[in-house]
Structure formats: C-alpha cells, structure tokens
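The sequence and structure are shown first.

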Amino acid sequence: FPSSARFHRMVFYFTLASDPKLLCYVGKDKYENEDLIKWGWPEDIWFHVDKHSSAHIYLRLKPGEGMEALSDDVIEEAAQLTKANSIEGNKLDDIRVVYTPWSNLKKTQGMDVGQVGFHDNKKVKRVTVAKRKNPIINKLEKTRVEKFPDLQAEREQRDKEERHEAKMAMLAQKEEEKRLAEERKEQAALRSYNTLQDTDNMIGNAGDNSALEDDFM
C-alpha cells in the first residue's frame, strides 16, 4: 500500500431488537479490537466477558447520553452477544459481562493486542448472564452486516462536526449576549430619559405654583 493508504479492517454490525436505532458493532478479532479501542467514540459503551477472552462489543449512544440510558433489554441483548462471541464464555453458565464507557478504557505500553484496562473501576458495571439464549442470538445473527469502515476517518469527521457545533453554539451565545447588552443599554437610556422628564415636570410644576402665588398676592 502507498504510505498514505490506510488498511480498513472488517467490522460486524448488528441491529438490536430492543432498540434498532442503536449502533451495535464488533471487531472480527483482536486486531480489529485494537482499532476499535483506538478510534472509538465518546458515545460508545464497551462490553466484554469478565475474566475470559471475548470480542469487544460496542453500543453507540446519542451525544450526551450515558450508561443510564441503556434499558435492561438492551443490556441483555448486548451481554448475550458478548457471551456468544467468547470461545470460553459461550460454553459456561453464569458468566459475567462487564461494560463501561469507551472513554474509560485504558491502553498502556506493554499490553497485548486487544487488551485494555480501566481508568476508573467505579465506572465499570457488571451483569450476570445465566445461560445463552439462542432466540436472541439467532435473531441478532440474521441482522449481521460485514463492512470495512475507515474508523479513523469516521472519528475525525465526528470530531470535526462536534467542533463546528461548538463553534456555532459559541457564536450564538455571543450574539445573545450582545442582544441582551443592547437591550439593557436601551432600557437604561429609557429610564434615564424618563427620570429627566420627571425632573422637568417637577421644575415646570414648581414654576406654575410660583406664578399662582404671585397672582394671589
């Protein structure tokens, strides 16, 4: 490949019955997992079988959402898919699946390919999968699509759009602040004018009283 070319690895995409709008994706092997770790999104939630090797399953939430947005049905589907994509975990009952935000994944020098740790263990949740549920897995497998995405380009485009939205929000805020400042300035000018008018009226009234007094005398 030319030096500027990037090798696009295979990624599997699934549609969850519990929430078809959620993007669910998984790397084919540990090398794909490595790319997913590197180019994941802040909106991604990562699933993995606890204490056993398995595929890395990702769910992509909407911006601003956290793990609390995941329903029990979504968690069960993702956990079942994670268990099914573990050679050891798929054969065992009562295995645990861990899940955490992508941003909590920690990759340090010396780790094996596809291996990760966590920045904060308090942000790691666990769910027990008692048994494999074939109806769920079979339904998921029927939705599987294989693609070769440019993960880096997708992440860079996402960040570009986020920066643009932040810039537009900042400009809108400055325009609103400018409008409010002008409004306050106009209100202050109006209050000053009204005060001046009141003062003129008081002076005028005082003059009228004097004239009346002179006539009376």
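K51 lies in the loop between β3 (44-49) and β4, where helices (H or I, at least four residues) and strands (E, at least two) are DSSP runs numbered from the N terminus. The model is predicted, so local features need pLDDT of at least 70 and side-chain atom pairs pLDDT 80 or more, whereas totals for chains, interfaces and linings use all residues. Residues are numbered from 1 along each chain as its sequence is written, and side-chain values use heavy atoms, without hydrogens and water.

Most residues other than glycine have a negative phi. Buried denotes under 20% relative accessible area, exposed over 50%, and partly exposed the range in between (1.4 Å probe, protein chains only).

Strands count as paired if DSSP finds at least two bridges between them. Strand β2 (residues 23-27) is largely enclosed by the rest of the structure, because four of its five residues are buried. β2 pairs with β1 (residues 11-14) in the antiparallel sense over four bridges; C24 is the bridge partner of F14. Four bridges also join β2 to β4 (residues 57-60), again antiparallel, and L23 has R60 as its partner in β4.

Helix α2 (residues 72-84) has 13 residues and should span 18 Å, in agreement with the 18 Å between its end C-alpha atoms; the expected span is 1.5 Å times one less than the number of residues. Its buried residues include V74, I75, L81 and K83.
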